[in-house]
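Take a look at the model below. Keep it in view as you read.

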Amino acid sequence: MEKVIAEFFDKRKAAWLKKNLHAGADETMIQAKEQECSEQFSLENWLPNAAKRAGQMSISTHPCTFSHPSSRKNKNGYASSIIADSQASNDGYLRSGNVVVEADALGNAAALDVYKFLTLNMQDGQTLLSHIEQDSDLAQQLLKIKAESYSTLKEGFLAMTNSDADSITSSKIKQVYFPVENGYHQLSILSASGIVFELRKRIDTIRFSEETKIARTCEKNNEMYIGPDAGARDFAKCEKNNEMYIGGYKQLANLTTMGYGGTKPQNISVLNNQNGGKVHLLPSEPPKLIKRDIHFPTVDFFSQSFSYFQCRDLFYALHDLIFLNHKNNRHIRSARDEYYQAIMDRIIERMWRVRSVSEAQYNPDTSQLNPTQKIWLCMANEAQREDENDWLDMLCTDIAKFIFNGYEKLLGKKTFIFSDGEFKHIHKQVVKHKEALR
Amino acid sequence: MSYKKILLIPHLHIHNANALSSPFTIGFPAMTAWLGATHALQRKLNEGGIDVKVTATGVVSHQMNLQTYRGTNDFVSSIIGTGNPLDKTGSRSSFIEEARCHLEVSLLLELQGISQEQEDAIKAQISHLLNSKIKMAGGDIQSFSPPAIFVLEDNNEEDLRRFTRKIMPGYVLIERRDLMIEAMGQGQDDAMAALIDYVAIHHRCEQTKDGVLWKKRRKSQTDKPLGWIVPIATGFHGISELGQAKNQRDPDQPHCFAESLVTLGEFKMPHRFESISDMLWCYQVDKASNFYQCVALNTVAKDPSSEFDF
Amino acid sequence: MAKKDNIASVLAFEKKLVPSDGYMYGTSWDNKNEVTPLKLQEKSVRGTIANRLKEAIKKDPQKLNAEVEKPNLQTIDACALGTEQDTLKLHFTLKVLGGLQQPSACNNALFKQSYQAAVNGYLQTRGMRELAKRYALNIANARFLWRNRFGAENIQVEVSALNQGAEQSWQFNALEFNPRDLSASDAEVTILAERIATALASEDDFLMLDITCYAKVGKAQDVYPSEELVLDKGKGEKSKILYHVNNIAAMHSQKIGNAIRTIDTWYGEFADPEASVGPIAIEPYGAVTNQGKAFRTPAEKQDFYSFFDHWARGGALERVEDEHYVMAVLVRGGVFGESDK
């Protein structure tokens, strides 16, 4: 017998005895109970019983209960338990087939032990269930008992993967029309719950693993962290070139937790129950243009509303780019321009935020803003912004200076001193998108 | 010279839109919701006797308020519910939590098959439909600015600037499936690892001459800074045979079960575009893979193997 | 009545009254031009023990003292007018839609036919006047203020129709209307109701109403935005979380919608002075959230489904009030497919 199967039964037996043996039982009683136990969990007895119960649960990769807790049963029977057979492919999609996950199951929790039995992984990596499906030697040997024929047992167990011949959806499952060549296809949308809980597992590992804890402590103490870190993978290049050892960890922000099934997660699915009915969702939010606590500058945008520090990551990355590549080829050139543009984008974002509070906060009597910035930032000056150009030319020069000086200021003595030529080049980049400053 | 006729619906305010864009993501409604909305508009216009085709759609985000809550000491947010109706016994019925958001977006519709004379009728009809019938991304439309039609000549920078000014400040959502494909193609990442790598903030340390230096950074691509990258839901993946099912909403259409397709997208500022086409999405069905997807218009134009598009 | 061939397993209706969130501002009754958005404030409150104590604790005087003296510290959101403000301004819009004849989803053609005949019958014989009058009264009486209505010294409701070319405006003194009395008649309310009725009865028209309400509640008084229902709340210490949009205190659109459709005076217990809770919101089972009770149960055949299944297939209802109720549930909207039951 495979080790995992033996372990499976040992665990059941131990649990059964714990439940049925009272403290203070005498020797004969213990023996009797032990006898009863090993009979109950002998293959002769347990297999036929389990095979009968298997049909009370349905294995599914996409349980309908994630769409609505009571979407399973309806007038026409049970909604189909889909077992998707999706193939992997590098199509850039997170979907079933592109992540290896466990299959889920739904139905009567009293048959959970049968589900666990059938989904045990054998030494060859396949589940017991697929061994039975393929009538492998292992399956035939295991299911060879006196009380019942192999084929009856097989039929019983496979009931867990069989759904009705009819395809049945539910009005409680979201059904959408999708336009196709000559009309529409109607799609009943289900959730790949295996992926949902694999995602939760990976997120929890990132958040709570021992490695992450150690790395965080190192960061707090400004020490080097050396470990089998996940964050370093995308910087593998550095390691390969033996340029610098880099370690680190990942952080996920803005996660949302959502519950399925409320106080009864077992009503949704097996995996849902194992996870306490809680899943994590990744944020998919656009940048925010309206932010609290925006102040309209009274003297100078480039010191009060925006500082080099707000582009710190970009300046540093720019520095790395130049520092790590002592070359000046076209690739580096264009990457560098991308950084200049990215800095400019942040200035434009900040411009919109500042403009949005201009009406409430701009005070013409006390403002010491220079004329250029007044035209640029006050909503009231929109017409002037449209019609005139001198202010825009001056602003472009100011922004180019900001970028030029920002690099030197922020990186301090580490910097490669930019040349006049570089200033001209930065200016050219700024001018390219000057219309976005209007 | 070729031209594009774009109808712009500026500053749509949508209340309680569906923010659960897939079982893995929360936030901006799925791309299928936006293409669904413009497709519904086309159908209604056609029913009203205007024979127009909406061949591509773009969406610009101006503002989003996700209805979640995070306490001061919490690391994760939770969903703010709406309170389900009571059932016949007066108790709350069981339900799946609904994630909602309030949004301000502008929609771009590429129109084909209409003359200049029909433009006013279309604008009036669309205003009426938005006021009286159409919901969007599951939410209620509360207000919008008057629709306008722009004609943009290909590669005409002046035309493009004139147009993009109308959608600023805002962010155009585009497809970045290329990033996923690249990451997955390197062999060690499955789709989930690739996705998480782009969402995560990477803290890393280096040993420098001056000591240890810890930095925080998003994943970058071949040395270039990446924009605002997020996971987005862009379509569906058929996971059962096409056929008839009991309890279908509409028994006259072929049915199949399907799951969400999730990939990466980017919210990009309008001035960074060089062509209006780069802002647009269209439907595409990939029969071989059972994909019912919304894809970047340009990937369809470039890809002759696509079965059809519209 | 229900045969297999006229059952719609998928059946849904969009709501026809679409309110926005209500934004809250502070102002003064005598100078309504000076307005500031109201913000939420976080407050720490020290409560006292008021809940029923366990028997064991009650019997042990020492434990009892300790328990009662334990500070019950809580953080809550609160919202109040400024010290110089005596009036709450609430602003929202209400869109009224037509198209009752068209379910947003229906998968049975026969059912749809008989349903449409029933709706058209109602529209021709009754029109939407009775329902519209009640909705209009709930605008005029400022029921949508909910708790903010209590104790207000003065309430003024300004309504304008925004539809291009058909602008119109009204002004009501809300305290002249008794919110328990939905049979009141008033000339201005009738005109507003007429506009609402026309939109509801139309095939695809709409009415856009802009509603501003001023309630004089007194200087620096507390006001009450909607409370948020946070699911799976973390261990965060805040026990009351209020609603805001972009930092302006607000009332949920569904809360305003609930007030406007509080027009059901046709349920059995309404006339019973002991059991009546006054007009209740239109709901399929007449459920009232804060009572935790459903006033229309299938057992008594007074619920929406009992009426609707019969009526939508051409059957007549006993009372005209039952027809009003059914139509009002359709205005509310919802998913009513038969396999859902």
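The paragraphs below go from an interface to a helix, then to a loop residue, and end with salt bridges.

This is a predicted model, in which local features need pLDDT of at least 70 and side-chain atom pairs count only at pLDDT 80 or more, while totals for chains, interfaces and linings use all residues. Residues are numbered from 1 along each chain as its sequence is written, chains are lettered from A and ligands numbered from 1 in the order in which they are written, and side-chain values use heavy atoms, with hydrogens and water left out.

Start where chain A meets chain C. Eight residues of chain A are in contact with nine residues of chain C. Contact means heavy atoms within 4.5 Å. How is the size of an interface often given? Strand 8 (residues 256-259) of chain A gives the most to the side of chain A that touches chain C, with three residues. Helices (H or I, at least four residues) and strands (E, at least two) are DSSP runs, numbered from the N terminus. That side of chain A holds one nonpolar, three polar and four charged residues. Asp, Glu, Lys and Arg count as charged; Ala, Val, Leu, Ile, Met, Phe, Trp, Tyr, Cys and Pro count as nonpolar; the others, Gly among them, count as polar. How many salt bridges does the rule find across the interface of chain A and chain C? It finds zero. A salt bridge is a side-chain nitrogen of Lys or Arg within 4 Å of a carboxyl oxygen of Asp or Glu.

Now turn to chain B. Nine of the nine residues of helix 5 (residues 191-199) of chain B are buried, so this helix is largely enclosed by the rest of the structure. Buried means under 20% relative accessible area, exposed over 50%, partly exposed in between (1.4 Å probe, protein chains only). The buried residues include B:Leu195, B:Asp197 and B:Tyr198. B:Asp190 caps the N-terminal end of helix 5 of chain B. A side-chain oxygen of B:Asp190 lies 3.1 Å from the backbone nitrogen of B:Met192.

Next comes a loop in chain C. C:Gln85 sits between strand 6 (72-78) and strand 7 (87-97) of chain C. Is C:Gln85 buried or exposed? C:Gln85 counts as buried because its relative accessibility is 13%. A polar atom of its side chain lies 2.8 Å from the backbone nitrogen of C:Gly82. Not counting residues up to four places away in sequence, C:Gln85 touches several others, among them C:Thr36, C:Leu38 and C:Lys219.

Last, the salt bridges. Side chains of opposite charge can pair when their charged atoms come close. The whole structure has 47 salt bridges over all chains. A:Arg200 and A:Asp204 form one of them (3.0 Å, N to O). They are four residues apart in helix 8 (residues 193-208) of chain A, so about one helical turn separates them. A:Glu285 and A:Lys288 also meet in a salt bridge (3.3 Å, N to O). A:Glu285 is buried at 18%, and A:Lys288 is partly exposed at 37%. In chain B, the side chains of B:Glu119 and B:Lys5 meet at 2.9 Å, N to O. B:Glu119 lies in helix 2 and B:Lys5 in strand 1 of chain B, so the pair ties together parts that are 114 residues apart in sequence. Both B:Glu119 and B:Lys5 are buried. Finally, B:Asp190 returns: A:Glu198, A:Lys201, A:Arg202 and B:Asp190 are linked in a network of salt bridges.

Note on methods: A polar contact is a pair of N or O atoms within 3.5 Å; within protein, one must be able to donate a hydrogen and the other to accept it, and residues adjacent in sequence count only if both atoms are side-chain atoms.
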